[in-house]
Amino acid sequence: MVEHSCESMVRQVTWECDQHADPFDCPDALITFNERFIEYGLIIHDGGTSVIVISYCPWCGMRLTESRRDRWFDALEALGVDPSTDEIPTEYQDGRWLQS
């Protein structure tokens, strides 16, 4: 479980809209948190799922936890898994892989 930088960040990453099931469709959703990579991003509301990865909290200025994206790809490569063509093991589909 990741401890987010401040209450404002907690509110943003746990935001649930009663009109939009997907935060990328909701104009009020500003931040996304990717549990798999421990990565925060500003949502780009252009109809897709693009984000701009951020390193500091926009509200309190605290440095955010470093992304584990490279580590995730390295771990899958060590297992012989190519995420672009192979099925990703269940424990690598969320943050559980970080606990091993």
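Q: Hi! What pattern does the chain follow, read along the sequence?
A: Hi! Along the sequence, the chain goes α-β-β-β-α, where helices (H or I, at least four residues) and strands (E, at least two) are DSSP runs numbered from the N terminus. This is a predicted model, where local features need pLDDT of at least 70, side-chain atom pairs count only at pLDDT 80 or more, and totals for chains, interfaces and linings use all residues. Residues are numbered from 1 along each chain as its sequence is written, and side-chain values use heavy atoms, with hydrogens and water left out.

Q: Which residue forms a salt bridge with Glu-39?
A: That is Arg-69, with the closest N and O atoms 2.4 Å apart. Arg-69 lies in helix α2 and Glu-39 in strand β2 (residues 39–43), so the pair ties together parts that are 30 residues apart in sequence.

Q: New topic: where is Asp-74?
A: Asp-74 sits in helix α2 (residues 69–78).

Q: Last one: what does the C-alpha trace of the chain span along its principal axes?
A: The C-alpha trace spans about 40 × 30 × 20 Å along those axes.

Methods:
A salt bridge is a side-chain nitrogen of Lys or Arg within 4 Å of a carboxyl oxygen of Asp or Glu.
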